[in-house]
Amino acid sequence: MADQIQPNNSGTQNNANRGSKNKMPRFNLTWIYVVIALALGYLFFAGGDMQQGGTASKKVTYTVFKQYVEQGYANKIVANKDEGSVRMYVKPEHIRDVFQQGVEQTGKQPFVQAEFPSADKLDEFIESQHELGNFQGELSYKRSDDTFMQVFWNLFPLLFIVAVWIFIMRRMSGSGGGNFGGMGGIFNVGRSRAKLVEKGGENESKVTFKDVAGQASAKQEVQEIVEFLKNPNKFTDLGGKIPKGALLVGPPGTGKTLLAKAVAGEADVPFFSMSGSDFVEMFVGVGASRVRDLFRQAKEKAPCIIFIDEIDAVGRARSRNAMMGGNDERESTLNQLLTEMDGFGTNSGVIIMAATNRADILDKALLRAGRFDRQIHVDLPDLNERKAVFKVHLKPIKVDSSLDIDLLARQTPGFSGADIANVCNEAALIAARHGKQAVTKDDFLAAVDRIVGGLEKKTKVMTEDEKRTIALHEAGHATISWNLRYANPLIKVTIVPRGRALGAAWYLPEERQITTREQMLDEMCATLGGRAAEELFTGHISSGAMNDLERVTKQAYGMIAYMGMSDALPNLCYYNNDEYSWQRPYSEATAELIDEEVKRMIAGQYERAKRLLLEKQEGHKALADLLVEREVIYAEDVEKIFGKRPWVSRTEELLTGQPEEKTEEQSTENTES
Ligand code: ADP
Ligand code: ZN
């Protein structure tokens, strides 16, 4: 994914310049640099002349100097004891007496300079003149009088910093060379580095939905965006607002960039792509100015799509704790992004698509209405989808006629679209190395092995064994939730890994305002079903249940400490909504009791899960086998195995008015009694 969005200075700038209509110099960072340089230059060169430039001066003897002072000509006296010289600045009204010239010729502050015999004598003389009233101006002493050097040393630290800064800027933006390398690089640091793909552009590429295999639901959702871009009037005429942004959420390599490109390709509009990390530099203000530049460019090309990959690099939630410092540069970049998204009109035709594999860490402000208010999930492909991806990537490859795509798809559970593209490429390389005419099954299997070997650490590629374990685990959740009265009804179970969890099971949460203790316990039991199944049927327990355990533990603490739902601590709520208090609102003894009760509750539900699983062992095994075989199963499949659930959901219950029936599990197995 990253290789798609490499910063590409030259391309963008060429295109940008070609596209811009006005030749007026724009206001950007460049002008700030120029102004700074001019100011420095002025200080530097003017500094030396500031006191002498254009002013007259005259060397006189000490005696003459004394006469002038006695006559009251002195405005100001500056003595330099190091050099043994003294300067007398002449009062404006006496300039003509001393210089025989007007102020126009002498300048405002002409002076006479004399050598004095000794510092003591000079002091004595000036003192006496002061008492006599001949000299009332100020007397000052001065060290060595090299104004140029003085200015230089004053400015030196500043010059040094500027030099270092320029050096770093060059290194950072000059890499990659191109016609904007070198000095140009410094001045372009505030420019966006978006890569532009457009019709007739240098990196024109026509990606359409045909190139994106699988991802049916994601494609369907972005289809609407294509419609907006193609035909905005259709929506705006009816008063509708065109969405501004869509967030593609999913693991790396699943085709998020591809999908965004396909939207641009289908709608036939320009496509700007940039990675979130391209915005963020060490220097304050650069990110924000890049955001501004990107949107400016995009508006010129509207309708178009801006694609920001890895948006979490900028979009991470802003730190709430001001004391901790936070990352100011990133936050100001994010603020700029928010401002830009709010700022451009809804109907300006610029649609922003962003990709991330973690929507949960994004700043809430980004997900608000009018920004990235649509989230489109792009998951790892399941068996059938992998087949489709293989078909796409096998097209340009000369394959042996005996190749079985189904087998390949079965051999690659947990692979992303990018991994599969990689397999196809690798297989072709292996075949070529062996001088074959066509790529055979063996080459593909060798390629799969190689990629599994290389990827195992990085992504969630599964071995057969793991696949079996995950299937047992997920079947455990499914079995229990199907067979418990109050657990949420199941919709879909898959063993394709998702985030930190192993597989995943989707439930249809019931709409309820309050939850009873029975419902919570049933859900807890179903959540523990995964680990229970692992323990019962594989003999090991695995790290895959961590998420489940975390949820269960949190829920148990909530039930006991906040909802007063345990027998030992009934009707007590220890909820403390003061974020900054570290004090527990209960005693040490109560803390121990809470811990005790949490353990007891979870252990009870775990036992209950194990008992139920043993009871439904047959069904559980059938379910696990089906999962290994198909990777995804739906409610219908579970229903075929266990039969229809005897209970209607609570919502249905309310609608039909059917009386609740106490079930066996509920009455007898309830743990804490
Ligand atoms: P992401 O942006 O999600 O990390 P990319 O869109 O950059 O992933 O995908 C990288 C490459 O993987 C694509 O260029 C394409 O060759 C391949 N690929 C990924 N998903 C699919 C897919 N669903 N269909 C076809 N090719 C895919
Ligand atoms: Zn689980």
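**Notes on the model**

1. L248 stands opposite A355 in β10. L248 belongs to strand β7, where A246 and L248 point one way and G245, L247 and V249 the other, and all are buried. Here buried means under 20% relative accessible area, exposed over 50% and partly exposed in between, with a 1.4 Å probe and the protein chains only. Because 5 of the 5 residues of β7 are buried, the strand is largely enclosed by the rest of the structure. In a regular strand the side chains alternate between the two faces of the sheet.

2. The model is predicted: local features need pLDDT of at least 70, side-chain atom pairs count only at pLDDT 80 or more, and totals for chains, interfaces and linings use all residues; side-chain values use heavy atoms, with hydrogens and water left out. Residues are numbered from 1 along each chain as its sequence is written, while chains are lettered from A and ligands numbered from 1 in the order in which they are written.

3. As a whole, the protein has 27 helices and 14 strands. Helices (H or I, at least four residues) and strands (E, at least two) are DSSP runs, numbered from the N terminus. Of its 673 residues, 46% count as buried. The accessible surface comes to about 35100 Å², and 53% of this belongs to carbon and sulfur atoms; the areas come from the Shrake-Rupley method with a 1.4 Å probe, and for residues only the protein chains shown count as cover. Among contacts (heavy atoms within 4.5 Å) with a separation of 6 or more, 74% are between residues 24 or more positions apart.

4. Which sheet holds β7? The strand is part of an open sheet of 6 strands in the order β6-β8-β9-β10-β7-β11, with mixed pairing. The edges are β6 (195–197) and β11 (374–377), each with a single partner strand, so one side of each is left without a neighbour in the sheet. The twist averages 20° from one strand to the next. Two strands pair if DSSP finds at least two bridges between them.

5. Within this sheet, β7 runs parallel to β10, with 5 bridges joining them, and parallel to β11, with 4 bridges. V249 has H377 as its bridge partner in β11. Strands β9 and β10 are also parallel and are joined by 5 bridges; C304 is partnered by V350 in β10.

6. Helix α11 packs on the sheet, touching β7, β8, β9 and β10, and its direction makes about 175° with that of β9. Axes are lines fitted to C-alpha atoms, for helices over the stretch in contact, and angles run from 0 to 180 degrees between N-to-C directions.

7. How is α11 (residues 256–267) built? The helix has 12 residues and reaches 17 Å from its first C-alpha to its last, close to the 16 Å expected at 1.5 Å a residue; the expected span is 1.5 Å times one less than the number of residues. Because 10 of its 12 residues are buried, α11 is largely enclosed by the rest of the structure. Its buried residues include K256, L259, V263 and A267, and what covers them includes α9 (216–230) and β7 (245–249). The helix is followed by D268, whose phi is positive, near 60°.

8. A further open sheet has 5 strands in the order β1-β4-β3-β2-β5, and its pairing is mixed. Its edge strands, β1 (57–59) and β5 (138–142), each pair on one side only. Strand β2 (residues 74–80) pairs with β5 in the parallel sense over 5 bridges, and V78 stands opposite S140 in β5.

9. Which residues coordinate the zinc ion (ligand 2)? The donors are H473 (NE2), H477 (NE2) and D548 (OD), at 1.9 to 2.1 Å, with the spacing H-x3-H-x70-D along the chain. Donors are N, O and S atoms within 2.8 Å of the metal (3.2 Å for Na, K and Ca); water is not among the atoms, so sites may look incomplete. H473 and H477 lie in helix α20 (residues 464–483), 4 residues apart, about one turn of the helix, and both are buried.

10. A487 lies in the loop between α20 and β12 (490–494). At 2% relative accessibility, A487 counts as buried. Leaving aside neighbours within four places in sequence, A487 is in contact with S481, D522 and R645. The C-alpha atoms of A487 and A526, 39 residues apart along the chain, are separated by 7.1 Å.
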